[in-house]
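Reader: Could you go through this chain with me, one region at a time? I would like to begin with strand pairing and then move on to helices and single residues.

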Amino acid sequence: MAHLLGAEALSLEYPTTKVFDSVSLGVNEGDRIGIVGRNGDGKSSLLAMLSGRREPDSGRVTVRGGVRVGVLAQADNFDDQETVGHAVVGDRPEHEWAGDPRTRDVIGGLLGDLPWEATTGSLSGGQRRRVSLARLLVGDHDVLALDEPTNHLDVEAITWLAEHLKKRWAANAGGLLVITHDRWFLDEVCTTTWEVHDRIVEPFEGGYAAYILQRVERDRQAAAIEARRQNLARKELAWLRRGAPARTSKPKFRIDAANALIADVPPIRDTVALQSLAVSRLGKDVVDLLDVSVSYGERHVLDGIEWRLAPGERTGILGVNGAGKSTLLGLIAGTVEPTAGRVKRGKTVKVATLTQRLDDLDKYLDDPVRIVLGNLRNTYTFGSGSKAQELSPSQLLERLGFDSAQLSTPVRDLSGGQKRRLQLLLILLDAPNVLILDEPTNDLDTDMLAALEDLLDSWPGTLIVVSHDRYFLERVTDQQYAVFGGGLRHLPGGVDEFLSLRRQAHPATTSRTATPTTTQASVGETGLSGAELRSAKKELASLERRMDKMHEKVDAAKTALADHDQSDFAGLGVEMERIRELEDELAALEEKWMTLGEALE
């Protein structure tokens, strides 16, 4: 693959910290790179240096002649009087942009609900974000650098964006760099993952699932990596292998390695114990919505809702913007009164809501975190039975990513992600037994999302989650419902079923919201004939046997290297060269196996 851009010995330093120290990397044609790491470790700074928007303190970025780099930053630069249409296509004549399939696809996928003549100043922050993304995607760029492109997008738009980017890179050989905390999006789009940590950038092959597997292997072998982070990564790997949809385009030996790594990892949640504890805290009655309808003037939002929340229930709520999700949450929380029907609450029910706003922290702005915690309970119990833990507020705060130095930081000086975590902590320490999370993943990095999921795994109560983060929604809930056409519909098929219902309701959008499942099915139906299919399956089985044998040879060679006389440098060199040759041969078999496996899906 031809080289597009590269970085040589990049260093970057702020007055109080050094962000990067001699980082070298490159982007080649066809690369789709996801960038992950903790908030504050330098992901956006790295993207800014690679895209030419920020100069490093030392080192240099080189771009191949003629390569055009397009950037989606976290802030837009629109003139508030500019129309949506002009912001996206500029002064291009209508016949020109309307005749371009890519431009039509982008406008339909991102801006179908926005008036073309509306001014950008009249749009919400989320709508402006979609206009920024659309303007970038209709442009003619060789490299796209996207900083949190899924922010403010709903599940449908995120699915469309993933399909658009995959088709775009299948049709040409450009490069993609994307920072996102949306782990489903990373796994769906990216072929390489860069982890930014400890002033370096560490590359991993594959998307999020492959990155997690490799990180677990790295952590298991490196004694210096802290045990806490390793356990969280292993637990998340267990979820990826057991709970998430099967990812079959993985080499067989890697699947076997993953299964071996998680063999002793217990189930994600002890459902029986949590439900038993929830019943003891809540009783049998939680919140019942009985033939409930809600109208605002002439506008009917919800109609005839029947829903009985159970103790320990973990439910995700899906729906397009304006469908009535917030109204439904308000009925449960008691902040919205039904127009018809009634809401029945159990006597011991205590509802708490983590909203998208941070207003409830305003009264603490001048107080250090330590003072805020000093006014709270001394301990809080997580889990049940022999696994129950008594945690102090400081211990809980540590689990949510705060260090001891940050306890003295005033609340107003915390980052958005830190405020979000403190907000959740205050809610948990108030001991609710019904918890509503409204877009809880905003401002959180992937490591902190894993920590939050781990915390919720042992939280005993009824959990209701609204989130556009598909991975998080599927990870922390056991079932999903959709607010659809004014009613509430159970989704046995989860997010995929919701997307299918939306396509049926709006058939014109089918081509731009096709899920991976649909795409794979169409490939299989039009791909191989019966004889070719049997031959391919036979070859696939043969490749698996050869890979198993080659894997055994590599293991044997590594054992021989360990047993070899360490003073025989020439002999050690020969053994290491033999191992490299075996691993190259194994990699070739793996690539052939993967290509054939994807053709058969």
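Reader: Which residue is the bridge partner of Glu-195 in β9?

Author: The partner of Glu-195 in β9 is Glu-202. This is a predicted model, in which local features need pLDDT of at least 70, side-chain atom pairs count only at pLDDT 80 or more, and totals for chains, interfaces and linings use all residues. Residues are numbered from 1 along each chain as its sequence is written, and side-chain values use heavy atoms, with hydrogens and water left out.

Reader: How many bridges join β8 to β9, and do they run parallel or antiparallel?

Author: Six bridges connect β8 with strand β9 (residues 200-205), and the two run antiparallel; strands are counted as paired if DSSP finds at least two bridges between them. Strands here are DSSP runs of E with at least two residues, helices are runs of H or I with at least four, and both are numbered from the N terminus.

Reader: What lies between β8 and β9?

Author: Two residues separate them in a hairpin, and Asp-198 in the turn has a positive phi of about 50 degrees.

Reader: And which strand is parallel to β8?

Author: That is strand β3 (residues 32-37), joined to β8 by five bridges, with Gly-37 standing opposite Val-196.

Reader: Why call β8 largely enclosed?

Author: Because six of the six residues of β8 (residues 192-197) are buried, the strand is largely enclosed by the rest of the structure; buried means under 20% relative accessible area, exposed means over 50%, and partly exposed is in between, with a 1.4 Å probe and protein chains only. Both faces are covered, with Thr-192, Trp-194 and Val-196 buried on one side and Thr-193, Glu-195 and His-197 buried on the other.

Reader: Changing topic, what is the strand order in the open sheet of three strands?

Author: The order is β11-β10-β13, with antiparallel pairing. Its edge strands are β11 (299-308) and β13 (340-345), each of which pairs on one side only, and the twist averages 20 degrees from one strand to the next.

Reader: How many bridges are there between β10 and β13?

Author: Strand β10 (residues 287-296) pairs with β13 over five bridges in the antiparallel sense, and Leu-290 has Arg-342 in β13 as its bridge partner.

Reader: What about the phi of Asp-291?

Author: Asp-291, which is found in strand β10, has a positive phi of about 50 degrees although it is not a glycine. Most residues other than glycine have a negative phi. At 47% relative accessibility, Asp-291 counts as partly exposed.

Reader: Where is Ala-9 found, and what is its phi?

Author: Ala-9 is found in strand β1 (residues 3-13), and its phi is positive, near 50 degrees. With 31% relative accessibility, Ala-9 counts as partly exposed.

Reader: On to helices: how do the axes of α4 and α5 cross?

Author: The axes of α4 (residues 101-110) and α5 (residues 125-137) come within 9 Å and cross at roughly 170 degrees, where axes are lines fitted to C-alpha atoms, for helices over the stretch in contact, and angles run from 0 to 180 degrees between N-to-C directions. That angle makes α4 roughly antiparallel to α5, a label used for angles over 145 degrees, while those under 35 count as roughly parallel, 65 to 115 as roughly perpendicular and the rest as oblique.

Reader: Which residues make the contact?

Author: From α4 they are Arg-102, Val-106 and Leu-110, and from α5 they are Arg-130, Leu-133, Ala-134 and Leu-137; contact means heavy atoms within 4.5 Å.

Reader: Is Ala-87 buried or exposed?

Author: Ala-87 is buried, with a relative accessible area of 4%, and its place is in helix α2 (residues 84-89). Not counting residues up to four places away in sequence, Ala-87 touches Phe-78, Glu-82, Thr-120, Val-131 and Arg-135. The C-alpha atoms of Ala-87 and Val-131 are separated by 7.3 Å, although the two residues are 44 apart along the chain.

Reader: Finally, how many helices and strands does the chain have?

Author: There are 21 helices and 20 strands, and buried residues make up 50% of the 601 residues.
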